[in-house]
Amino acid sequence: MAHHYDKKLERKDSFFRIFVRIFTGSLIFIATYILVIATFQVVSSYVYNYFFIATSVYYNIIDDVPQEYVFWNMKRITFINSIGPISILSLGLLARYMFNAYLGHVNLIRYYILWMYILCINYFLSLLMSSPFGVEYYNNGLYQGFNVVFAWMRMKSVIISSLAIGAALTLILFGYNVGNLFLKFSFSFKNNSVKMGRNIFITQSFVLPFILGTPVVLMLTSSYSFILNVFLLVGLLLISIGMYLRNEYVVVSEKATKSDILNKVPLLEFFLAAFMWC
């Protein structure tokens with residue numbers, strides 16, 4: 001199949017085009033980031049309700065969780081606190097399946113699905129990466145998911161630290177494997193064929209959108225959930241390291257699109273994305 005690119009766009013990539021591309025990426029990042037966290041909270045709340053434990057669910061915290069030991073045993077703790085992370089991991093794998101299912105269709109919906117895939121996997125792995133801190137401090141947002149299970153198991157610190165290091169390395173490896181997926185949205189095969197061009201497009205389509213979106217997502221946090229969100233953002237930084245490493249060592253170029261897909265504000269796509277995931 002022939003490689004497609006817009007020769008006119010290759011002559012000059014204007015500042016306005018770059019700005020719109022980054023702005024579009026930032027909007028989609030913020031919307032998807034919020035949706036992933038909200039999904040985790042809602043799923044976890046439903047699991048509590050399954051055990052007839054009434055809770056109040058908010059974006060930053062699941063409140064009114066009973067603290068008395070009479071409510072808890074190891075089996076219940078394990079089930080309740082494992083479903084949330086496993087559900088997010090499953091949602092990420094579903095998003096990857098949907099990304100592959102739309103093979104041949106390069107548009108903002110597929111770009112949104114790619115962000116969903118990355119942010120779900122990042123949530124799962126970043127939560128594991130935070131485990132040395134999450135099992136020790138019960139009054140912040142890190143004490144959730146597997147971290148609660150590890151605390152109840154009284155897992156040895158050397159095992160928890162090994163899991164955290166393994167999760168951090170997996171995030172880098174994950175970035176190494178998915179960096180080429182962003183290059184599918186590039187308008188220039190010529191840029192994709194050289195390391196500097198690939199790095200520039202990864203910066204514009206992934207790194208700068210989440211960096212510029214960081215103040216927004218942090219403003220939505222509370223004192224309880226702030227540290228969790230810091231770990232999630234550190235996870236994205238590790239993923240970006242993997243992407244740049246791939247550009248450094250892998251010389252195979254990705255096909256480009258016929259037009260600059262990311263160079264528009266995604267209003268219609270936001271409505272469609274909301275319909276797909278509600």
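A residue is called buried when its relative accessible area is under 20%, exposed when that area is over 50%, and partly exposed in between, with a 1.4 Å probe and protein chains only. The model discussed here is predicted, so local features need pLDDT of at least 70 and side-chain atom pairs count only at pLDDT 80 or more, whereas totals for chains, interfaces and linings use all residues. Residues are numbered from 1 along each chain as its sequence is written, and side-chain values use heavy atoms, with hydrogens and water left out.

We can begin with the aromatic rings, of which the structure holds 15 pairs; rings of Phe, Tyr and Trp (its six-membered ring) pair if their centres lie within 6.5 Å, and planes under 30 degrees apart count as stacked, over 60 as edge-to-face and the rest as tilted. Y111 and F182 form an edge-to-face pair, with 6.1 Å from centre to centre and 85° between the planes. This pair links distant parts of the chain, since Y111 is in helix 4 (residues 108-129) and F182 is in helix 7 (residues 157-183), 71 residues apart; helices here are DSSP runs of H or I with at least four residues, numbered from the N terminus. Y111 counts as buried because its relative accessibility is 0%, and F182 counts as buried because its relative accessibility is 0%.

W115 and F206 form a stacked pair, 5.1 Å centre to centre with 15° between the planes. W115 lies in helix 4 and F206 in helix 9 (residues 195-219), so this pair ties together parts that are 91 residues apart in sequence. Both W115 and F206 are buried, and one aromatic cluster is formed by F29, Y33, Y111, W115, F182, F206 and F210.

Methods
Helices (H or I, at least four residues) and strands (E, at least two) are DSSP runs, numbered from the N terminus.
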